Structure formats: structure tokens, C-alpha cells
Amino acid sequence: MRKLYKGVLAVLSGVLLTSVTVLPVPSVYAASAEQQQAANKLSALLSSTQTITGSFSQLTLDSSGTQLQEAAGEMVLQRPGLFRWHTNPPLEQLLVSNGKKVWLYDPDLMQVTVQKMDQRLTHTPALLLSGDVSQISENFTITYKEGGPVIDFILTPTAKDTLFDTLRLSFRNGVINDMQLLDAVGQRTNILFMNVKVNEPVDAQQFVFDAPEGVDVIEDE
């Protein structure tokens, strides 16, 4: 279970896991026009949010729909590229980014892994909520559908070395509501956001991590 749980946080911070195949489209022009419309709409929603705070619940299912794991926690995000994800005990972990580096801290193991931030949106899904989305149409094929106050975007990476096959972002009344990642073996990670507040001041110290005394620090070059 611990290994699986780490994998979920690794998806948010950017670990290379799988590859994707881009599906053919019948009309390059039509697909391009639809893609650009979807990209513009998604970019507008994301760019209007400079900070996000809230809580989340996270559910991981295998390809048959069997529950593998459930977790919950709190998040703080700020553009450009700053984020803090804290998952609650009993499998507590902390993921922190200052925009240049990412710290993944496991208090049970008394270990922190430090790696350079991968700025590619396809490699660091957390950056979709906190990073630079100006090149989002170059990283993904995007479709969307609207129904009342809800709008869903389906993102398929155009690169071959990405962590997921598809990623869905859902907004309700213009605010992020949930995220779902589907990988090559059919495993789904669903993240539901709750008590979300946007564009409120946040403490910059939230994005600073100092390893506690006695913790093993692993620098991943």
C-alpha cells in the first residue's frame, strides 16, 4: 500500500511512468479548430485563478473498478508553479514545490526526496492548476463538453513520454471541482476538491520546506 500511495503523489509531482498513442483524426483542420477553442476556454479558466486553497479526497481504482486506495488531505497552490499537497495520516506525506524544486517528504520513513521541477505540463499534472498554461495546446489534444454549471475537459498528451493516457479536469461554476488521471494499464486516480477558495492571499512559507533533524535527504539529479 505504501508503494502505491507514493505512486499517486509521484504522478502529481512528475515521475515518468508510461507512454501514450495519439489517436488519428478525420480532419486536421476541423480538429485543429476544435482543439484551439477547447484550449482557449481551458486556459482562460486556469489563468483566472492565481491561488487555490482547499481540501481533497483521492480514490485509486484498478482497471476492473476495484478500490485500491483512499486518502484525503489539504492543498495550497499559487502561480507560477508553487504548490503544497499534504495527505493525512495514516499514510501521511507532504509534497512541496517552490517553483524550482519539489520535495516529497515521508514522515513515517523519515525520508525526503528532492528533485528539480519538471516544467512540462505533461510530466507534472499539479502545474495544470498552478503553472504556466500558455502552451497548453502544444502539450495536449483537448476536447470539452458543457452541461449547466459544469464543464469537463479531456486532455490527451501529444508527447510519448508522459505519465498518463488521459486527464480530465472538471469545473463547476468556473472553479476546479475534480481531476481524474487514467494510465496505460487502466488504473484511475480520482481527486475531488472541496471547500475550494480562489485568489485569496496565501502565506509564502507554505512553499518552503526545511527537512526536520534526522531525516534522510535524497537528492534526485
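## Salt bridges

A salt bridge is a side-chain nitrogen of Lys or Arg within 4 Å of a carboxyl oxygen of Asp or Glu. The structure described here is a predicted model, in which local features need pLDDT of at least 70 and side-chain atom pairs count only at pLDDT 80 or more, while totals for chains, interfaces and linings use all residues. Residues are numbered from 1 along each chain as its sequence is written, and side-chain values use heavy atoms, with hydrogens and water left out.

Side chains of opposite charge can pair when their charged atoms come close. Across the whole structure, a search finds two salt bridges. In one of them, D178 pairs with R168, and the closest N and O atoms are 2.5 Å apart. Because D178 lies in strand β10 (residues 175-182) and R168 in strand β9 (residues 166-172), this pair ties together parts that are ten residues apart in sequence; helices (H or I, at least four residues) and strands (E, at least two) are DSSP runs, numbered from the N terminus. D178 is buried, with a relative accessible area of 12%; buried means under 20% relative accessible area, exposed over 50%, and partly exposed in between (1.4 Å probe, protein chains only).

The side chains of K41 and E146 also meet in a salt bridge, at 3.8 Å from N to O. This pair links distant parts of the chain, with K41 in helix α2 (residues 28-47) and E146 in strand β7 (residues 140-147), 105 residues apart. K41 is partly exposed at a relative accessible area of 29%, whereas E146 counts as exposed at 53%.

## Aromatic pairs

A pair of aromatic rings is described by the distance of the centres and the angle of the planes. Rings of Phe, Tyr and Trp (its six-membered ring) pair if their centres lie within 6.5 Å; planes under 30 degrees apart count as stacked, over 60 as edge-to-face and the rest as tilted. The structure holds seven aromatic pairs. The ring centres of Y105 and F209 are 5.4 Å apart and their planes stand at 50°, so this pair is tilted. Y105 belongs to strand β5 (residues 101-106) and F209 to the loop between β11 (188-198) and β12 (216-220), so the pair ties together parts that are 104 residues apart in sequence. Both Y105 and F209 are buried.

The rings of F153 and F171 are edge-to-face, because their centres lie 5.9 Å apart and their planes stand at 90°. F153 in strand β8 (residues 150-157) and F171 in strand β9 are 18 residues apart, and the pair links distant parts of the chain. Both F153 and F171 are buried.

## Nonpolar cores

A nonpolar core is a set of buried Ala, Val, Leu, Ile, Met, Phe, Trp, Tyr and Cys residues joined through side-chain atoms within 4.5 Å. The largest has 36 residues, of which L42, F83, W85, I136, I142, F171 and F193 touch the most other members. Its largest share, five residues, comes from α2. A second, separate core of eight residues includes L94, Y105, V114 and F209.
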